[in-house]
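Biologist: I am new to this structure. Could you show me how to read a few of its features?

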Amino acid sequence: MTDPAEPVPRRPAHDRRSMLLFGGVYGAVVASAMVAALTEYGRFSRADRRYDAAWLLVTALASALAHGYAHYIAERGPRRRGEALRALAAEWPLVVAMLPSALILAGAGWGWWPTRSVEYAAFLFNTALLFSLGLASARSAGRGWFFAMATGVGDALIGVFVVVANAIIK
């Protein structure tokens, strides 16, 4: 029998897989929303696209810092040395999920492809990423293919929502 006064070892609130999926989904949605916001005013020059890419990177880092800090302060209890830095570093999936959109915008700024409708390439990539993350998360949870595909489609609809909202707002 265990002693009720004996402390129970604490499990992390989120495991590595859930943090990866959370960061990926959140990063893809924020990237789509930022691309929609940054490309709203019809600026199509190469310099504008490089500027948009820089702001997307700033937003990725600020979001990661805010989430890491929020996770750190939400975990109550005794603190170990370096725990704050580990909480910040655990947000890397959010930043990584936003990097392809920044690269797409920067690529247009560097002349790799036309700058006029590059946001649609970013929207398409992020929607495909959302689908893939939904599918992968459902399959890793032991769900069947039908349910996994439905989950992927549901996640992709979040990306479609951003695209539709962007079209309505413009």
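Biologist: Is Thr 59 buried or exposed?

Modeller: This is a predicted model. Buried means under 20% relative accessible area. Thr 59 has 16%, so Thr 59 is buried. Thr 59 sits in helix H2, residues 46-74.

Biologist: Which residues is Thr 59 in contact with, leaving aside neighbours within four places in sequence?

Modeller: Val 30, Met 34 and Met 98. Leu 103 is 44 residues from Thr 59 along the chain, and their C-alpha atoms are separated by 14 Å.

Biologist: How do I read two packed helices?

Modeller: Two packed helices are described by the angle between their axes and the distance between the axes. Take helix H1 (residues 16-38) and helix H6 (residues 145-169). Their axes come within 9 Å and cross at roughly 10°. Angles under 35 degrees count as roughly parallel, so H1 is roughly parallel to H6.

Biologist: Which residues make the contact?

Modeller: H1 brings Val 25, Val 29, Ser 32, Ala 33 and Ala 36. H6 brings Asp 155, Ile 158, Val 162 and Asn 166.

Biologist: Now the surface. Which residues make the nonpolar patch?

Modeller: Leu 20, Leu 57, Trp 92, Val 96 and Leu 99 make a nonpolar surface patch of about 440 Å². Helix H4, residues 92-109, gives the largest share, three residues.

Biologist: Where is Val 96 placed, and why does Val 96 count as partly exposed?

Modeller: Val 96 is in helix H4. Val 96 has 43% relative accessibility, so Val 96 counts as partly exposed.

Terms used. Residues are numbered from 1 along each chain as its sequence is written. This is a predicted model: local features need pLDDT of at least 70, side-chain atom pairs count only at pLDDT 80 or more; totals for chains, interfaces and linings use all residues. Side-chain values use heavy atoms; hydrogens and water are left out. Patches are made of residues with over 30% relative accessible area and no salt bridge: like charges are joined within 9 Å, nonpolar side chains (Val, Leu, Ile, Met, Phe, Trp, Tyr) within 5 Å. Accessible areas come from the Shrake-Rupley method with a 1.4 Å probe; for residues, only the protein chains shown count as cover. A salt bridge is a side-chain nitrogen of Lys or Arg within 4 Å of a carboxyl oxygen of Asp or Glu. Helices (H or I, at least four residues) and strands (E, at least two) are DSSP runs, numbered from the N terminus. Buried means under 20% relative accessible area, exposed over 50%, partly exposed in between (1.4 Å probe, protein chains only). Axes are lines fitted to C-alpha atoms, for helices over the stretch in contact, and angles run from 0 to 180 degrees between N-to-C directions. Angles under 35 degrees count as roughly parallel, over 145 as roughly antiparallel, 65 to 115 as roughly perpendicular and the rest as oblique. Contact means heavy atoms within 4.5 Å.
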